[in-house]
Amino acid sequence: DQPRPVIQPQPGIMEIALYQAGAATLSGRSDVLKLSSNENPFGASDKTREAVARAAHSMHRYPPTDHLRLRTAIAEAHGLDPDRIICGVGSDEIIHFLCQAYAGPGTEVLFTEHGFLMYRISALAAGATPIAAPERERTTDIDALIAAATDKTRLIFVANPNNPTGTMVTEDELARLAHAVPQALLVIDGAYAEYVSPDFDGGAGLVERLPNVVMTRTFSKIYGLGGLRVGWAYAAREIIDVLNRIRGPFNLSSLALEGAEAAVRDHAHLDHSRSENARLRDWLAAALAERGVPSDPSFANFILARFEDAATAAACDAMLRGEGIIVRLVGGYGLPDCLRITIGDEASCRRVAHVIGQFMAGRA
Ligand code: PMP
């Protein structure tokens, strides 16, 4: 038999750089402080843990396919229509569904220069061309997005607040973008929306007003359920119908469904997580600024600490690791002179500020 060549994938697939998740451990250390993946330092709520433990009793059964109970709970919590919600395996899966359904060869998917890495990956996986528009001072630039749009643009992803910059644009600016590019769906990624303020709607109001706007949300951040993998989207009925056609019937496990439902009903855990995050985010930003490390005002559960140059950021990262602290180098996001630091609990914030203070003192 002649050796056969390995079958090649579709165009675009080999352009995808493998996603590098934040490290979880450092070899030889048991006291690692992980501040690299924007996880909730308080974990999941007790009610959520109990619900997941109860669900484990029936894990030999397939889960429901319609997610009706979870969608109803989300709808009640946010004042939305449950029939216009779809749930996915993290909002990552929803981003994937959107690209599969609305992008493809010959189309373009637009996002911002320092946007979330999955937009590019999902666009390439769908055979579409990813286009990154420049930002202004690490903030989404609506004019730059409008200028970068073409008649091939099918999707525009804007995270608000954005990861990894933590900055935001107003609802009016997003509406202006949606009006200026009517040939595309505008996806407002609200992964960090709950951290902004108790009454911030994450873009739901725009979805109500404009048929070409989609909002995505996640249980991975403020609800402390990154490991359970649950995200959701709110959109026009027609869009939800499209996405449901490509969704696997059992995409969410029964544990994930029960855990997320308990989480969205637990307002006390949400409020505590939000207020502690705001308090400690202000504290950490001020503590780092005092030590000569500025950051932009952040609306999320992390801050983007800016150093003199990429070498200094890398040296600070190395020192933090030496002290058992993992933060995120964001060179992959085009910000090699920055470190993204998740807001931990009070002791964690003090520990990271102390080490960065030592690093900066050593350079003076
Ligand atoms: N969007 C943004 C802006 C994010 O930062 C993340 C998580 N890093 C996600 C979406 C995806 O989160 P998940 O798939 O866990 O819902």
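Reply: Begin with H3 and H8, which are roughly perpendicular to each other; by the convention here, angles under 35 degrees count as roughly parallel, over 145 as roughly antiparallel, 65 to 115 as roughly perpendicular and the rest as oblique. Two packed helices are described by the angle between their axes and the distance between the axes. For H3 (residues 90–102) and H8 (residues 237–246), the axes come within 9 Å and cross at roughly 100°. The axes are lines fitted to C-alpha atoms, for helices over the stretch in contact, with angles from 0 to 180 degrees between N-to-C directions. Helices (H or I, at least four residues) and strands (E, at least two) are DSSP runs numbered from the N terminus. This is a predicted model, in which local features need pLDDT of at least 70 and side-chain atom pairs count only at pLDDT 80 or more, while totals for chains, interfaces and linings use all residues. Residues are numbered from 1 along each chain as its sequence is written.

Me: Which residues of H3 and H8 meet?

Reply: Phe 97, Gln 100 and Ala 101 of H3 meet Val 242, Leu 243 and Ile 246 of H8, where contact requires C-beta atoms, placed from the backbone, within 7 Å. Five of the residues in this contact are nonpolar, one is polar and none is charged. In this scheme Ala, Val, Leu, Ile, Met, Phe, Trp, Tyr, Cys and Pro count as nonpolar, Asp, Glu, Lys and Arg as charged, and the others, Gly among them, as polar.

Me: At what angle do H1 and H9 cross, and which residues make the contact?

Reply: The axes of H1 (residues 46–55) and H9 (residues 254–265) come within 8 Å and cross at roughly 155°, and the two helices are therefore roughly antiparallel. The crossing of H1 and H9 is right-handed, the term for a near helix turned clockwise from the far one by less than a right angle, with anticlockwise called left-handed. H1 contributes Lys 47, Thr 48, Ala 51, Val 52, Arg 54 and Ala 55, and H9 contributes Ser 254, Leu 255, Glu 258, Gly 259, Glu 261, Ala 262 and Ala 263. By class, this contact of H1 with H9 holds six nonpolar, three polar and four charged residues.

Me: How do H11 and H12 pack?

Reply: H11 (residues 310–322) and H12 (residues 346–363) pack at about 130° with axes 10 Å apart, and they are therefore oblique to each other. Here Cys 316, Met 319 and Leu 320 of H11 meet Val 355, Ile 356 and Phe 359 of H12, a contact of six nonpolar, no polar and no charged residues.

Me: Which helix gives the most to the shell around the ligand?

Reply: H3 does, with three residues. The shell, whose members have a C-beta atom, placed from the backbone, within 6 Å of the ligand, includes Gly 90, Ser 91, Asp 92, Phe 116 and Asn 163, and it comprises three nonpolar, seven polar and two charged residues.

Technical notes
Two residues are in contact if their C-beta atoms, placed from the backbone, lie within 7 Å.
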